[in-house]
Amino acid sequence: MIDNIKPKEATSIINSLIGGVVPKIGVQHIAVGRSAEINALVAALEDVKNGHSMVKFWIGDFGSGKSFMLHLLNTVALKQKFVVANADFTPDNRLYSNDGKAVALYTAIMDNISIQTKPEGGALPTLLEKWIEQVVTKTAEENDISLTEIRNENYLSLIQSNIMKTINEITDVGGFDFGLVVMKYYEGYIKDEEQLRRNALKWLKGEYRTKTEARQDLGIREIINDLNYYDMLKNFCKLFVSMGYSGFMINLDEAINLYKITNSAVREKNYEKILAIYNDCFQGKVANLFFNFAGTNQVLENQRKGFFSYDALKTRLVTNKYETAEIRDFAQPVIRLLPINHNEIFVLLKKLKDIFDYNYKTEISINDSEIHQFMEELFNKPGASEFLMPREIIREFLSILNIIRQNPTVDKKMLFGELEISDERPNEFSLDSIEEL
């Protein structure tokens, strides 16, 4: 049986994988064949914890496990006391825009902030209240006021003054407005005005679209927008570190959606933003910040539309020429994810069978020999060597387990004989044929 797995994790793993997506929690229980990458990550996290910043690009073919790897990074980072956030690039979420698509990415990041006690996201209010509580406690000690008494509305201005003072000490660009909004959040907390707290949180998550609306609700003249959201991410990073967290890790998946931007000038501006983040992190302009990007080989290497189409990025992301499939360099910015082998897939399926049994409180009658038989049937199908991916193997295996669970007398050999595979890869040719606007 899988050690230390929680019922909630087991359910998340089974339901997510049957649906063809990576589970948000519990991925450490099904990690196989990635020990070298994880060891490299732990070393990188230690550097970030010590004040450095880092950018990594996780590159692999469709279905090679990029999204899974990012979720695994989350689990490791949360245990190292990092604040973690995840977001996907989409047609409406990107790094650069002038029509709200960049701040939409920021909002997605803030919505998905996680800490170890809230690994599924939505931890921003918890973090804000924890930080405010630290300011309140410090203010009480400095002024010899009891913790009960200082929460009285009479001391509101004193606490707000210290909130602003503390934020001014740790933030740079945009810190003043940031401080004003946190003061409003605390005011809503003390006066029990839930709407004021909601408005403050709305501002901090970049959900105000006009300055007029923000001024009416909060008396704040500025908002988080496409131009300043990155400064706000850096401010939050400093805030989290001041609270005692190790750093702020931001994982951005589906970089294919930057590649697919049809307007070449806009696409280049997005790559320029990646370059700016890269330079900030490796030149020491920011501390305790860790960005991870995930994309396909095409996204990285395509000379016309990929990262390599932007020369300044290409020179930074070119692979170590001495690296091979056997001799790896995990210290470089680009980490290529190689497909897991057949032995590792077998180990994975055994793990999944154990988790499946635990989740449904059953004992499916399928042994190691039958798992091997399932794999042989699948890998011998026409086209398997070309486009059979772990995602489809897992889904087929779990589907069979579900049939056996509900129909214990079914003939397993018959089920294995009915296995089918299909090409789930995106039509990459169609991506390359998109006309430039």
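## Two packed helices

Helix α5 (residues 124–142) packs against helix α6 (residues 156–170) at an angle of about 115°, and their axes are 10 Å apart. The model is predicted: local features need pLDDT of at least 70, side-chain atom pairs count only at pLDDT 80 or more, and totals for chains, interfaces and linings use all residues. Residues are numbered from 1 along each chain as its sequence is written, and side-chain values use heavy atoms, with hydrogens and water left out.

Helices (H or I, at least four residues) and strands (E, at least two) are DSSP runs numbered from the N terminus. Axes are lines fitted to C-alpha atoms, for helices over the stretch in contact, and angles run from 0 to 180 degrees between N-to-C directions. The helices α5 and α6 are therefore roughly perpendicular to each other (65 to 115 degrees).

## Where the helices meet

On the α5 side, W131, V135, V136, T139 and E142 meet L158, I159, N162, I163, T166 and I167 of α6. This contact of α5 with α6 has seven nonpolar, three polar and one charged residues.

## The setting of Q332

Q332 sits in the loop between α14 (311–317) and β5 (334–336). Q332 is buried, with a relative accessible area of 7% (buried means under 20%, with a 1.4 Å probe and protein chains only).

The side chain of Q332 reaches the backbone nitrogen of N320 at 2.9 Å. A polar atom of the Q332 side chain also lies 3.1 Å from the backbone oxygen of D329. Neighbours within four places in sequence aside, Q332 is in contact with K56, V318, T319, N320 and E323 (contact means heavy atoms within 4.5 Å).

Conventions. Parallel < 35°, antiparallel > 145°, perpendicular 65-115°, else oblique. Nonpolar A, V, L, I, M, F, W, Y, C, P; charged D, E, K, R; others polar. Buried < 20%, exposed > 50% of the residue type's maximum accessible area, 1.4 Å probe, protein only. Polar contact = N/O pair within 3.5 Å; in protein donor to acceptor, adjacent residues only side chain to side chain.
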